[in-house]
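Subject: Handover of a two-chain model

Hello,

I am passing this structure on to you. Please look through it first; my notes follow below.

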Amino acid sequence: MTGLLRHRTFLRRQELKPSYDVVIIGGGVNGLSLAHNLATHHGMTDVAVLEGNYIGSGGSGRNTQVVRANYNTPETVPLYKASLEIWRTLSAELDFNLLFSTQGELDLCHTHDSLEVERDKSLLNRAYGVQTDVLTPDEIAVMNPLVDLTGGGEFPIVGASFHPPGSFARHDAVVWGYASSATRRGVHIHEQTPVTGIAVVDGVCRGVTTDRGTIDAGMVVSATAGWSSQVAAMAGVRLPIVTMALQAFVTEPYRHVLDGLLSSMDLYVYVSQTARGELLVGAEVLPYPTYSTRSTFGFLAEAAKRTIQIFPVIAHARAMRQWTGLCDMTPDSSPILGESEVERFYLMSGMGTWGFKGSPIFGKLMAERIATGVMPDLIRPFAPDRFATDRMVPDAYSAGTH
Amino acid sequence: MANVQDRAVGLIECAASPKALDRLIAPGHGARMLRVAPDEAIAVVAPAFTADVRRELNDRITALDEDALVLDVSDGWTGLALIGADADRALSYLSALDPPDGDAFIQGDVARVAAKILREPDGFLLLVPAYWGEHVRTRAVEDAGAQTVRS
């Protein structure tokens, strides 16, 4: 295990300089995607990524690896569609095999209300060139004969939506791919370097304090997840974020039984099979705010029960491992991307359950914003001031689980 | 009588080369070092000292192996104290493992769950993955006749 985690394998250790053009707080997929894009596409290499733990130790290494574009608003569909397009060629761009695999996503509906929402979603997705089809129960049975159309006898399935572009990417590989690409171009990644303060002078962000010393910075970007409200508070910025926990578990590995993602829009549970053969089960965020990453037996029992109702073969599988990640939930379930009220202090925050799938486009467009000073149209609706000006992008239905 | 009781513990995982771990001097603050694998050790410590022990371990092990990794993994575990005059008998209902002596520990199957068992002055400390805590507590009560003591 330690071999995989060795710094030396992928990262060259660098001296912490007293100043950088850009300091990125958070060594997860979004911070590293930003660093990669700044260095690769804008020639900005005087960049430091400060990670309090090891890279990918937060949500980036704990998510369930789902990539998709079937969102529910005119703002989010094109954004995640653009992200999905980058995902398809990202392995080549990073020169790192991300194990990207397009297998489709099947969202089951047990009520006519949720099927109606899926129909609306399908129409909206198609309007933006994203394929999402509505299926009948008979079509579901053909697509996946292992689905229990009776929903365990309690929740009969009345239809589904199918999103063929739904994909997976190996989350650790994405972290390492971005990190190795960024460092090859001169970016410094400093692990075990928690930020303890952010210097703001006359409303302008000037640098950060770490437990290894202070760093002057031309600009600072918070790309943390789980603790983004605490980091922003260091700069005097109050974020409308509630941190909640999301749990998942995997079974022991089995031979291939499931293609793509199978989810229930009413039971709030989903299952996929990893490249290693484990059946991976996730559900909705826990209904209370917490910073604890302690996994619970209650989740395991409830998520397993619900999964058995839609995919009964899993009843015979043995749970092997369970884990918890933190999700920074915004009031509208959409990310916060842009410059904060403190000049030169930027936010890539509020990544909820959508940070992994959006990371390629979030990094690309935030790099463009930082390098050119021009806000790209695709992320303009996600500016931090949208809560104060009542221009939210409500998309909770898309974002509650995977 | 045996009692089963939640026990808050801090756990610091230390992954490093076997050679470095062989030479590692255990940290202070009453930490118990468990060498769970040739390239992995876990420090068990009172929660109040978790941050101090993590820092101390990090300083010591990175001086021996610059690629060593020290992580606070407390959230991943549940500590259960199985204590009282009948603690040995209660443990025998939960596990076929021979109880450890002195400062030693053993790891293996407890109530069908992978666990680490540490000897304590008044019984045992069982360390199990966080999500199995409730299951092992229930088994201790129902299978081994322990009384639950809520902390």
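Predicted model: local features only at pLDDT ≥ 70, side-chain atom pairs only at ≥ 80, totals over all residues.

Residues are numbered from 1 along each chain as its sequence is written, chains are lettered from A and ligands numbered from 1 in the order in which they are written, and side-chain values use heavy atoms, with hydrogens and water left out.

Chain B

The secondary structure of chain B consists of 4 helices and 10 strands (helices are DSSP runs of H or I with at least four residues, strands are runs of E with at least two, both numbered from the N terminus). Read from the N terminus, the order is β-β-α-β-β-α-β-β-α-β-β-β-α-β. The radius of gyration of chain B is 16 Å, close to the 15 Å that the globule rule gives for 151 residues, so chain B is as compact as a globular protein of that length (the radius is taken over C-alpha atoms, and the rule is 2.2 Å times the number of residues to the power 0.38). Along the principal axes, the C-alpha atoms fill a box of roughly 50 × 30 × 25 Å.

Of the 151 residues in chain B, 50% are buried (buried is under 20% relative accessible area, exposed over 50%, partly exposed in between, with a 1.4 Å probe and protein chains only). Chain B exposes about 6800 Å², and carbon and sulfur atoms supply 51% of that area (Shrake-Rupley method, 1.4 Å probe; for residues, only the protein chains shown count as cover). Among contacts in chain B with a separation of 6 or more, 64% join residues 24 or more positions apart (a contact means heavy atoms within 4.5 Å). There are 15 positive and 24 negative side chains in chain B, and the centres of the two sets lie 1 Å apart (Lys and Arg are positive, Asp and Glu negative, with His and the chain ends not counted; the charge is placed at NZ of Lys, CZ of Arg, CG of Asp or CD of Glu).

Now the strands. Strands of a sheet pair through backbone hydrogen bonds, either parallel or antiparallel; here two strands pair if DSSP finds at least two bridges between them. The pair from the opening question is E3 (residues 32-37) and E4 (residues 40-45) of chain B, which run antiparallel and are joined by 5 bridges. E3(B) and E4(B) form a hairpin with 2 residues between them.

Strand E1 (residues 3-6) of chain B has pairings of both kinds. With E10 (residues 147-149) of chain B the pairing is parallel, over 3 bridges, and Val4(B) stands opposite Thr148(B). With E6 (residues 77-83) of chain B the pairing is antiparallel, over 4 bridges, and Gln5(B) has Ala81(B) as its bridge partner.

Lys116(B) is in strand E8 (residues 113-120) of chain B. Is Lys116(B) buried or exposed? Lys116(B) counts as buried because its relative accessibility is 10%. Leaving out residues up to four places away in sequence, Lys116(B) touches several residues, including Leu34(B), Val36(B), Ile42(B) and Trp77(B).

Chain A

Chain A has 11 helices and 19 strands. Its radius of gyration is 21 Å, which agrees with the value near 21 Å for a compact globule of 402 residues. The C-alpha trace of chain A spans about 65 × 50 × 40 Å along its principal axes. In chain A, 58% of the 402 residues count as buried.

Three of the strands of chain A, in the order E3-E8-E4, form an open antiparallel sheet. Its edge strands are E3 (66-67) and E4 (101-102), each pairing on one side only. E4(A) pairs with E8 (residues 167-168) of chain A over 2 bridges, and Ser167(A) is the bridge partner of Thr102(A).

Ala69(A) lies in the loop between E3 and helix H4 (76-94) of chain A. Ala69(A) counts as buried because its relative accessibility is 0%. Among the residues that Ala69(A) touches, beyond four places away in sequence, are Val77(A), Tyr80(A), Asn125(A) and His163(A).

Regards
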